[in-house]
Amino acid sequence: MYFAVLSIFLIVNNFPQNTQDPGKHKPQKRSGGVDKSEIKNLKKRVIYPKVLTTVPVKYPVEQYRAGVESDVCLFITVGTKGEVIKVEVSKSGGKAFDTAAVAAAEKYTFSPATIDDLPVVVKVKLNIPFRIAKKKTTDTVKTTPDKKTDVKESTDKKTEDSKSNEKKDNKTGTTGTKNPTVKTETKPTEETEKTPDKPKKDPDVKKDEPVKASEPAKKPAKPSVMGIVEVKKDEKTNSAAAKPVINKDKTISKHAVKKVKLIVTKPAEITVSKDISEDENIVVTATLTARRIKDVPVKTEVISARKIQEKGATNLVKALDHELGVVVENGCSICAATQIRLSGMPGRYTLYLIDGMPLYSSLGSTYGLAGVPSASIGKVEIVKGGSSVLYGTDAIGGIVNVILKNPISKFNSAEIRIGTHEEYLLSAVSSSFRKNFLRKGDFFGIMAYASFENKGRHDRDGDGLTEIPEMQRSSAAITMRYKMFDGLVLKFRSSVMHENRQGGGTGSLLEVMADWDPHTATGMRGISETILSRRIENAFIAEWNHKRIRAMLNAAWVYHFQDSDYEGEYYKATQHIFYANPFVNINLGKNYSLTTGGSIRVEHLSENVAVSDYNYVMTGVFAEGAFKIGKKFEFLHGIRFDHHNEYGEVITPRLAAKYAPIKDLTFRASAGTAFRAPTTFYEYNHGVHAAGYSIEMAADKAETSMGGNASIVYSGIKGWNLTFEASYNKVKNAIALESSDDGSIITVFNVPVDLKVMGMEFQIEGKITSGLKLQLGYGTYKYQDPENVQQTVPPSQQFTGSLSYRFRRFSMNLSGKILAPMKLREAYGYAYNPVSGATIGELIDPATGADLNSPKREKSPWFGTANIVMEYRINQSATVYFGIDNIFDYHQSDIEGPIMFPSSTGAAGGAPMPLDVVYIWGPMEGRCVYGGLRLNL
C-alpha cells in the first residue's frame, strides 16, 4: 500500500500548478495602531504584486457602435502564487462593460505579494477605462489604467443602460460598505488617448464579432494593495491612521503596513470564494448548506486546522480535547476505547460524520475515532443538541463533523515527531491542482497522504498492567476533485487504516498470548486485550449548482474488520456500512429556502461468537425550510420520517430561530426531537463470551429525545466575543443491556425512567494585544439518571482555557481543562482497592486481591491538565516545534492506587468481583514531551 501511495506522490507532483486555494491565507483585521517609525521599517520587508501578463479587452459591439464609453473599477484577489483567485466589480460601467472587463482580468497574472518572504493573499484595485481611439482606419481601441484610483465616470457619454445598472448597484449596496477600506493611489504607465465625444461608426465592424481592445502596457503600474491596511478617519483632523491586518494561516507582524498615500473610499465588499474545508467562517453541518457561521440559525462551533496544529494533536480524539462542552472519555484501562461527550450527554449519543456522512457505528466507533489523522483534517464542526431531522439516527447529543482537506492547491508537506513513551509520528501530504485539465474552464485536483503513528505502552502504577496500550497505526488516502464546468463538482476519496493495539499484561504479544492456562483461565493473557483493526472507506460526492438550485449526492461504503483476543477469548467481526443521501436546496425567492431529500443507511455486522448476524436498514425522507423576516430574524422548521427494519417508524421535527436585533448581538434557539436505534452488544461492553452469545431484543422502541438549546453571542466589545448557551435533553426509552449468568444471552431492553441532562456553558474569547489571544470557558451539568443508563461517570463542572501568542516567526499555545468532583459510586458501584503488594494472580482472585478496609473514593477530586506547544518558523519551508502534554504529570493512579482492582456492583460491603477495567475518572497517561519538524515544500 505504501508503494502505491509513494507512486501517487510522484504522479501528483508532476502536475503543473495553475491556481492556489483562495482562502488559505485570508487576511484578518488586527487591533492596535502603528507609529510612523514602524511603518517606515516595513519598506524593506513588504513586496507588493506586479502585473506580469495581461490580455486584450474586448470592447462590446453595441456600445462601440453607439459610441458609448465607460469606466469599470475591479477588485482582484491575488493568490500566494500570483494567480487571480477572484474578480469583483467595485464600480460598474454597465453590464456589457463589466462582463468584458472581468473576463479579461481573470486571465491576468501577477507576481506574488510577500511579507518577510512569506507569500500572502492580497487584493488589488484596477481601473479599466473603455475609450474609443481617435483612429479612422482601425477597429482596435486601447484600454489602459487611469491616472487615479478614484474613477470619474464619463456621464455625458454613458447610455441609460449603464446608468440604471449603477443605480441598482447602489441600492443593493454593491458599491459601498459601512466600513471604509484603504486604497492606495497608482500611477499610469501610459496616458489615455483623447477621444471625440461622438466617434463615427466603423462600417467594417461585423455585427456578430466583438471589437477587441489593444493589449494594455507590457509593464503596467503597480496596482494598489487591498487587505494589508485599513483606514479609520479622524473626524477632527480629517486624517487617516493605518492599522495592520494579520493573516490567519501565516504569522504577519503588526508592522505589515507600507507607507503609501491613502485615500478613503467606499468600495464594494469583496467576499473571496473559499473552499469550506479551509474556511472556518463557513459551516455546513447545521443546515446542509454553506453559510457564514454568524448567519446560521443553529449554533455551530469550529475547530480549524490551524487550531488543531497549535494543540499538537495527532488525531481527531486529541483535536477535540480541551474544548468547552466536549469531554473525551476513556472507556477501558486496557484497550483505551474512546467516546466523546457533548454538553454532558453520553458518548453513544454523539453522531460522527466524515464530510457530512455517518461512517462510524458500533464496532467501528469503538476504536476508529483515533484513526483519523490530523494531517487529513481541514476543520471540525460541532453542533450540540438533537439533529436527527437532517442526519437520522444517533444525533441525540450532537454532531461531530470532520471536514477533510481538499486538493485545491499545489503543495507538499511532511512532518516528523518524536516523544517520550516511545512516541513517533511520520506523515506526508502531497497535493496538486490543474486548471483546464480536460476542457477549457474545468479543474482537477488530486491529494494523497500517508501517516504512521506509534505509541508505547504505559504502566504508571507499576502493577505489571498497562493504563495506556501499545499502538501502531498507519493510514493512507487519496482524494480526487474534478470540476467539469460551472456548477458541477465531483469528488472521490478512498482511505485505508491499519491498527495494532495491545493492552493489559506487559511484554511482547507472543509472551502475553503464551502465558495462559486454559484449565484455570489464569495467566497474563487473561488480563490482556489484543485488537487488530482494518478499515477501508470509499466516498463519493457530487454537487451541482444552478442559479437558485443546489443539488447534492453523498454516497459511501465502509468496511471495518477486527481480529482480537479479549482476556483469552477470541473475537472476530466484520462490519459493512452503505450510505446514500441525495438532497436539494432551492431558494424560493429572497426570503425562503427549502432543503429536502432522503437517505438510506444499511449496516451489517458479522461476529464469530454471535448466534446470528444483525442487519439494519434505515430509510428516511426529510424537509426543512428557512424563512427570513427582514435582516434580523430567521426561522427554521423541519421534519423527518424514518423507517427502521427493527424499530418501525420514527418522526422527528425541529424548530430553530435566530434573531439579531443589533449588529453585535445574536440570539439563537432550537427545539425538537431526535432518535437512536441500538446497535448490538457493543453498546457498553466490548467483552465476549467464548461459547457465543445471542441478542434478545426486548426493546421494542428506539431511543428518542426531546430537548432544546438557547444561546446568546455578543461581540460588541472590541476584539472580544461573549457566548452563553443553555441546553436540556430528555431521553425516553433509553437502552440498557443485561447479561445472563453465563454470558450467553444479552438482553437489550428499554428502561422505564427517562434520562435527563441539563447544561449551561459560558465562554469568552478575544485579543488582549495584537499577538496575544485568550479563551476561557465554563460549563455546568446536571443529571437525572436513576437507571444508570450512562454507565460512565459524567462531569458536573468543566473549566477550559487557552492562551495563544504570536510574534513574527514564533508562536505559543497553552491549553487546559479543570473538572469538578464526579460521583463515582453512582456510576461504578462500590469498589475496593487491591491488597498492597498483591501479585497479578492475586488481583484476579477477589478473595485475595481486595482490601475490604480500603474502599474506592465516593467522589473524584478536583483535577486539571494542561498542554503547551511552541513553534518557530525557520523559513518559509521549515518549522520546528516543541510540546508538553499533561505538564503537571497528573495521573489517576497517583491519587487512588492501581487502576485495575477487584470491585463489586452491589451495595457497600458486598462481595468483591473480578477485575474492574472501566473505573476511570482521571488521566491515564502522565507527562509526555515531544518535538518535531514540519516541512512545506
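## Reading buried residues and salt bridges

Reader: Is Ser-860 buried or exposed?

Author: Ser-860 counts as buried, because its relative accessibility is 2%. Buried means under 20% relative accessible area, exposed over 50%, and partly exposed in between (1.4 Å probe, protein chains only). This is a predicted model: local features need pLDDT of at least 70 and side-chain atom pairs 80 or more, while totals for chains, interfaces and linings use all residues. Residues are numbered from 1 along each chain as its sequence is written, and side-chain values use heavy atoms, without hydrogens or water.

Reader: Where is Ser-860 found, and which residues does it touch?

Author: Look in the loop that runs between strand S50 (850-855) and strand S51 (863-873). Strands (E, at least two residues) and helices (H or I, at least four) are DSSP runs numbered from the N terminus. Leaving aside residues up to four places away in sequence, Ser-860 touches Ala-820, Pro-821, Met-822, Leu-824 and Trp-921 (heavy atoms within 4.5 Å). With Met-822, the side chain of Ser-860 reaches the backbone nitrogen at 2.8 Å.

Reader: How do I read a helix such as H4: which of its residues are buried?

Author: In helix H4 (residues 95-105), the buried ones are Phe-97, Asp-98, Ala-100, Ala-101, Val-102, Ala-104 and Ala-105. The cover over these residues includes helix H3 (61-65) and the strands S4 (58-59), S5 (70-78), S6 (84-91) and S10 (122-130).

Reader: And how many salt bridges does the structure hold?

Author: There are 37, each a side-chain nitrogen of Lys or Arg within 4 Å of a carboxyl oxygen of Asp or Glu. One of them joins the side chains of Glu-329 and Arg-341, at 2.3 Å from N to O. Glu-329 sits in strand S21 (residues 326-330) and Arg-341 in strand S22 (residues 338-342), so this pair, 12 residues apart, links distant parts of the chain. Both partners are buried.

Reader: Which residue forms a salt bridge with Asp-565, and what does the pair tie together?

Author: The partner is Arg-525, with the closest N and O atoms 2.5 Å apart. Asp-565 belongs to strand S33 (residues 549-566), while Arg-525 is in the loop between helix H10 (509-514) and strand S32 (529-546), so the pair ties together parts 40 residues apart in sequence. Asp-565 and Arg-525 are both buried.

Reader: Which residues are linked in a network of salt bridges?

Author: Find Arg-348, Asp-394, Arg-601, Glu-603, Arg-676 and Glu-703, which are linked in such a network.

How values were computed. A polar contact is a pair of N or O atoms within 3.5 Å; within protein, one must be able to donate a hydrogen and the other to accept it, and residues adjacent in sequence count only if both atoms are side-chain atoms.
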